[in-house]
Amino acid sequence: MESDLPSRTQGQNFPPKPILFGVLNITSDSFSDGGKYLQEDLALAKAKSLMAEGADVIDIGAQSSNVKAEPISEELEWDRMKEIISELKKEKVAISVDTFRPYVIQKALDAGVDYINNIRGFVDPESLDLLKGASRLSTKYVAMFSQDHSIKASEFSDLKPETVVPLALKFFRERTKTFETLGIANRLILDPGMGFFLSPDYKVSFAVLSKITEILSEFPNLMVSVTKKSFLGNALGGLPVEDRIVPTAISETYLWSKGVPMIRTHSPKSFLLAMKTWEMSHGVYSPQRGLQERSDYRP
């Protein structure tokens with residue numbers, strides 16, 4: 001039997017390289033790297049490292065949303081990131097601001113960022129008014145589903161593996177209608193939320209992964225973030241954060257293989273190495289899809 005490997009070409013078997021959002025936490029208490037990048041020089045160096053690894057967008061967050069996070073003032077949240085945004089814009093880096101506060105959303109819009117990533121899903125009228133007022137801009141908006149649309153993850157949840165996807169789809173439909181009324185539905189990106197944003201029960205997050213094709217069939221403009229999250233550690237016997245790199249890369253490779261177009265990650269390099277290894281294991285050799293390649297898109 002003849003091998004079909006020589007006839008395989010890039011694109012015939014696998015989706016395009018996803019847009020990679022590299023995580024930059026300028027916080028004191030993020031679950032994975034809190035306190036590491038509070039100094040401006042360290043934060044800029046981390047941003048440049050993420051770009052070198054293959055990130056297409058730097059996703060900057062200055063208010064942690066993990067279960068034990070303490071709220072900071074909205075002024076401090078903006079102060080932590082404003083100079084970083086300014087410096088990255090000078091280098092024409094695509095920027096996402098991870099915030100749920102209207103004050104910071106407005107500041108980020110004024111600064112000309114490319115994405116606003118909102119863990120509350122823009123459920124508050126004040127934020128929606130800001131987006132309506134910024135309709136002339138090209139900024140895109142990531143609306144995340146979570147079990148209670150709160151300002152941080154929770155150790156308590158009513159979501160079950162059999163209910164999480166129907167409820168997420170219901171929320172996505174409602175968000176889409178709301179953004180249609182604002183005239184900006186074409187700039188809406190949806191995120192199913194994972195880990196403690198859904199439930200401490202790891203099976204709830206894996207239920208989302210198992211149904212990702214169903215979600216994509218209705219909402220193809222999807223971003224997913226599984227990076228180092230609790231459900232991976234809990235499902236594998238209580239792995240600490242530093243030991244979740246391999247499960248993260250495998251989950252991200254799975255998401256890419258199913259066609260998820262945007263992935264938010266702490267380690268672009270780990271994902272890209274896994275992606276290329278998966279391709280080559282299927283006989284697809286594409287040197288142009290190297291670690292330095294950027295996705296073919298415009299923010």
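Which residues does Ala43 touch, not counting residues up to four places away in sequence? The partners are Leu24, Ile26, Tyr37 and Ile84, where contact means heavy atoms within 4.5 Å. The model is a predicted one, in which local features need pLDDT of at least 70 and side-chain atom pairs count only at pLDDT 80 or more, while totals for chains, interfaces and linings use all residues. Residues are numbered from 1 along each chain as its sequence is written, and side-chain values use heavy atoms, with hydrogens and water left out.

View 1. Ala43 lies in helix α1, which spans residues 40-53; helices (H or I, at least four residues) and strands (E, at least two) are DSSP runs, numbered from the N terminus. With a relative accessible area of 1%, Ala43 is buried, a term that stands for under 20% relative accessible area, whereas exposed stands for over 50% and partly exposed for values in between (1.4 Å probe, protein chains only). One of the contacts of Ala43 is Ile26, and the C-alpha atoms of these two residues, 17 residues apart along the chain, are separated by 6.9 Å.

View 2. The chain has 10 helices and 8 strands, and the 8 strands form an open sheet in the order β6-β5-β4-β3-β2-β1-β8-β7, with parallel pairing. The edge strands are β6 (188-191) and β7 (223-224), each of which pairs on one side only; two strands are taken to pair if DSSP finds at least two bridges between them. Strands of a sheet pair through backbone hydrogen bonds, either parallel or antiparallel.

View 3. Strand β4 pairs in the parallel sense with β3 over 3 bridges and with β5 over 4 bridges. Ser96 stands opposite Tyr115 in β4, while the bridge partner of Asn118 in β5 is Ala143. Helix α3 (residues 102-111) lies across β3 (94-98), β4 (115-118) and β5 (140-144), and runs at about 165° to β4; axes are lines fitted to C-alpha atoms, for helices over the stretch in contact, and angles run from 0 to 180 degrees between N-to-C directions.

View 4. The largest cavity has a volume of about 50 Å³, the volume being the space filled by probe spheres set on grid points that are joined across faces, edges and corners. Its lining consists of Thr227, Lys228, Ile245, Thr248, Ala249, Glu252, Thr265, Ser267 and Ser270, where lining residues have an atom within 4 Å of a point. Helix α9 (residues 245-257) gives the most to this lining, with 4 residues. By class, the lining has 2 nonpolar, 5 polar and 2 charged residues; Ala, Val, Leu, Ile, Met, Phe, Trp, Tyr, Cys and Pro count as nonpolar, Asp, Glu, Lys and Arg as charged, and the others, Gly among them, as polar.

**View 5. Two lysines in loops, and Ser230.** Most residues other than glycine have a negative phi. Lys228, in the loop between β7 and α8, has a positive phi of about 60° although it is not a glycine. Lys92 also has a positive phi of about 60°; its place is in the loop between α2 (74-90) and β3, and it is exposed, with a relative accessible area of 77%. Ser230 lies in helix α8 (residues 230-235) and counts as buried at 13% relative accessibility. Leaving aside residues up to four places away in sequence, Ser230 touches Gly195, Phe196 and Arg244.

**View 6. His282 and Phe14.** His282 is placed in the segment after α10 (268-281) and, at 28% relative accessibility, counts as partly exposed. His282 and Phe14 are 268 residues apart in sequence and 9.8 Å apart in space, C-alpha to C-alpha.

Key:
On a 1 Å grid over the protein atoms alone, a cavity is a set of points where a 1.4 Å probe fits but cannot get out, and a pocket is an open set with protein on both sides within 12 Å along at least five of seven lines; lining residues have an atom within 4 Å of a point.
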